[in-house]
Amino acid sequence: MNRGFILVEATISYVLLAVALLALLPVFILAIKTGKGSEQLQVATYLSQELLEEVRMRKWDQNTPTPPSRILNPSSTLGPDGAESASDKKSFNDIDDFNGWTERAVTDPLNNPVPAFAAYARTVSVSYVDSNMVVLSTPTTSDYKQVTVCTQTAKHPPLCLATLFTNH
Amino acid sequence: MTLVELMVGMVVAGVIAGVCAKVLLLGIKTYNYATRQNDSLSRTRKALGGEGSSMGLLSACRGATAVSALDPASVAVVSGTSAAVTSYYISGDSLYASKSGVVSLQADSISSLAVNYYNMDDSGLIRLSSAAASATLVTALVTVQSKNNTQKDYRLYAGAMLRNHP
């Protein structure tokens, strides 16, 4: 007598196969999410770098003369000074004016929005550091200002770039 | 096995086979999406940062002492030692680099390049450059266009300061 599969056995095997394949769905979803995260990381890196270049254009301190040279009395307060507007970065004329700067959507150097990157937010923090890179608390000053620019989206942690600017 | 049982079995098998096929198709689409994304992003990175011995647009700006023209769709910079002009421009759907008359393909599938030039004025405030010689910061928005309507464009926005900054 020949043995074969009954319908119930065959159906059960199909169902098991379908369940096994459905278990792969989260893997595909994770692959797409990871790819998206990787893309946003790369974009955020370039955006952080761009804002660092904007900061770098400014003079080192409010008291830095033109042409620039080393000063003995750097400003002890970090942030916009005098008539500078804390909400308009094109009014900033020195590096530490950017301390506390926040963009909820990316803007160009003249504070005009860049629509393609509306989902990215950027922040800047500036602090005096000593020669061991230890952050100094106000009102202590030094010849080194550390600038940290962070870019992030709503769903991913911030990507931060930091650099040092020296009193010259 | 009766005919009815066979028919029921075939329907169930058909439904389940359809589900399995959808899952496998999703796997193929995911792979294609990841491949396209990597490919597009590497093109935009190559345009800006270069690859190997080929210097990208940003690297060229950082090593340059001046901009030779304020073109919003291309970048032409002068490097310090030789005064040679290196330019980056879009032709067709590719980004080309030209230096001393030698043209090389920088990256393909680049659909647009939008460039702005800035410098600090006498008050120490940033503004758009009105003369090429005064430009000290270049920002560029590079777009890699999708190959068909179902795919997205990829963009990178970056900036580079020239060496002529005081």
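Is Cys150(A) buried or exposed, and what is its relative accessible area? Cys150(A) is buried, at 15%; buried is under 20% relative accessible area, exposed is over 50%, and partly exposed lies in between (1.4 Å probe, protein chains only). The views below are of a predicted model, in which local features need pLDDT of at least 70, side-chain atom pairs count only at pLDDT 80 or more, and totals for chains, interfaces and linings use all residues. Residues are numbered from 1 along each chain as its sequence is written, chains are lettered from A in the order in which they are written, and side-chain values use heavy atoms, with hydrogens and water left out.

**View 1. A disulfide joins Cys150(A) to Cys160(A).** The S to S distance is 1.9 Å. A disulfide here is a pair of cysteine sulfur atoms within 2.5 Å. The search of the whole structure finds one over all chains. Cys150(A) sits in strand β3 (residues 144-152) and Cys160(A) in strand β4 (residues 159-166), both of chain A, so the bond ties together parts 10 residues apart in sequence. Strands (E, at least two residues) and helices (H or I, at least four) are DSSP runs, numbered from the N terminus. The S-S torsion is about 110°, so the disulfide is right-handed.

View 2. Cys160(A) is partly exposed, at 39% relative accessibility. Its disulfide partner, Cys150(A), is buried. In chain B, Cys20(B) is buried at 8%. Cys61(B) is buried too, at 0%.

View 3. Buried area is the accessible area (1.4 Å probe) lost when the two parts are put together, summed over both. Leu7(A), Tyr46(A) and Met57(A) supply 21% of the area that chain A buries against chain B, more than any other three residues.

**View 4. Polar pairs between the chains.** Four residue pairs are in polar contact, both residues at pLDDT 80 or more. A polar contact pairs N or O atoms within 3.5 Å; within protein, one must be able to donate a hydrogen and the other to accept it, and residues adjacent in sequence count only if both atoms are side-chain atoms.
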